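Please keep the structure in view while reading.

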Amino acid sequence: RLILVLNGPNLNMLGTREPATYGHETLADVETLCQRTAAEQGLDVEFRQTNHEGQLIDWIHQARGRCAGILINPGAWTHTSVAIRDALVAAELPVIEVHLSNVHKREEFRHHSFVSGIALGVLCGFGTHGYRMGLTHFAHLLNG
Ligand code: DQA
């Protein structure tokens, strides 16, 4: 039961980037949290981040038939990318969308997500705990 955890642009800057919004934990901390959660729940996790949209799309395609689900924080591409949405549909896998911040209490342009309409569920506003909740849900789903 392999879950692919994908992170989009600028999330490599976590910890130093707008800490009032995104907190002080780094992406390495998020990966540690995901690996720990996965171990507890009997899942395997592959954790990745990219600032290149085509790279993210390639990873999504490669997950098809190989992974059991995708947990994705698409960053700003959430609000811009039909291509990422289409790739997620093509992967034919359950998708959980996660955001550190509560996008709905921020700027209007963050209120729309191209991903939410094809996601199993959406977690936002819970900081890094959202990743833990998403993985826990996958375990619940896959362990029946
Ligand atoms: C984000 C929210 C997005 O609007 C923003 O562009 C990000 C991070 C979040 O995790 O809260 O880069 O996805």
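Are α3 and α4 roughly parallel or roughly antiparallel to each other? The model examined here is a predicted one. In it, the axes of helix α3 (residues 53-63) and helix α4 (residues 82-91) come within 8 Å, and they cross at roughly 10 degrees. Because angles under 35 degrees count as roughly parallel, α3 and α4 are therefore roughly parallel to each other. The contact is formed by Glu53, Leu56, Ile57, Ile60, His61 and Ala63 on the α3 side, which meet Ala83, Ile84, Ala87, Leu88, Ala90 and Ala91 of α4. Sorted by class, the residues of this contact comprise 10 nonpolar, one polar and one charged.

The sheet provides the next point of reference. Its five strands form an open arrangement in the order β2-β1-β3-β4-β5, with parallel pairing. Helix α3 is placed across β1, β2 and β3, and its direction makes an angle of about 170 degrees with β1.

The individual pairings can now be followed along the sheet. Strand β1 (residues 2-7) pairs with β3 in the parallel sense over five bridges; here Ile3 has Gly69 of β3 as its bridge partner. Strand β3 (residues 69-73) is in turn joined to β4 by three bridges, and these two strands run parallel. Within this pairing, Ile72 stands opposite Glu97 of β4. On the way from β3 to β4 lies α4, and β3, α4 and β4 together make a right-handed β-α-β unit. Four bridges then connect β4 to strand β5 (residues 121-124), again a pair that runs parallel. Glu97 also takes part on this side, where Glu97 stands opposite Val122 of β5.

How many of the five residues of strand β4 (residues 95-99) are buried? Five of the five are buried, and the strand is mostly covered. In a regular strand the side chains alternate between the two faces of the sheet. For β4, both faces are covered: one side carries Val95, Glu97 and His99, the other Ile96 and Val98, and all of these residues are buried.

The loop between β3 and α4 contains Gly75. Is Gly75 buried or exposed? A residue is classed as buried when 20 or more other C-beta atoms lie within 10 Å of its own; Gly75 has 21 C-beta neighbours inside 10 Å and therefore counts as buried. Leaving out residues up to four places away in sequence, Gly75 touches Gly8, Pro9, Asn10 and Leu11. Of these, Pro9 is 66 residues from Gly75 in sequence, yet the C-alpha atoms of Gly75 and Pro9 are 5.8 Å apart in space.

Tyr22 belongs to helix α1 (residues 19-22). With 19 C-beta neighbours inside 10 Å, Tyr22 counts as partly exposed. Setting aside its neighbours within four places in sequence, Tyr22 is in contact with Leu14, Arg17, Leu100 and Ser101. Met133 lies 111 residues from Tyr22 along the chain, and 17 Å separates the C-alpha atoms of Tyr22 and Met133.

Key
Residues are numbered from 1 along each chain as its sequence is written. This is a predicted model: local features need pLDDT of at least 70, side-chain atom pairs count only at pLDDT 80 or more; totals for chains, interfaces and linings use all residues. Axes are lines fitted to C-alpha atoms, for helices over the stretch in contact, and angles run from 0 to 180 degrees between N-to-C directions. Angles under 35 degrees count as roughly parallel, over 145 as roughly antiparallel, 65 to 115 as roughly perpendicular and the rest as oblique. Two residues are in contact if their C-beta atoms, placed from the backbone, lie within 7 Å. Ala, Val, Leu, Ile, Met, Phe, Trp, Tyr, Cys and Pro count as nonpolar, Asp, Glu, Lys and Arg as charged, and the others, Gly among them, as polar. A residue is buried if 20 or more other C-beta atoms lie within 10 Å of its own, exposed if 12 or fewer, and partly exposed in between; C-beta atoms are placed from the backbone. Two strands pair if DSSP finds at least two bridges between them. A crossover is right-handed if, with the strands pointing away from the viewer, the path from the first strand over the helix to the second runs clockwise.
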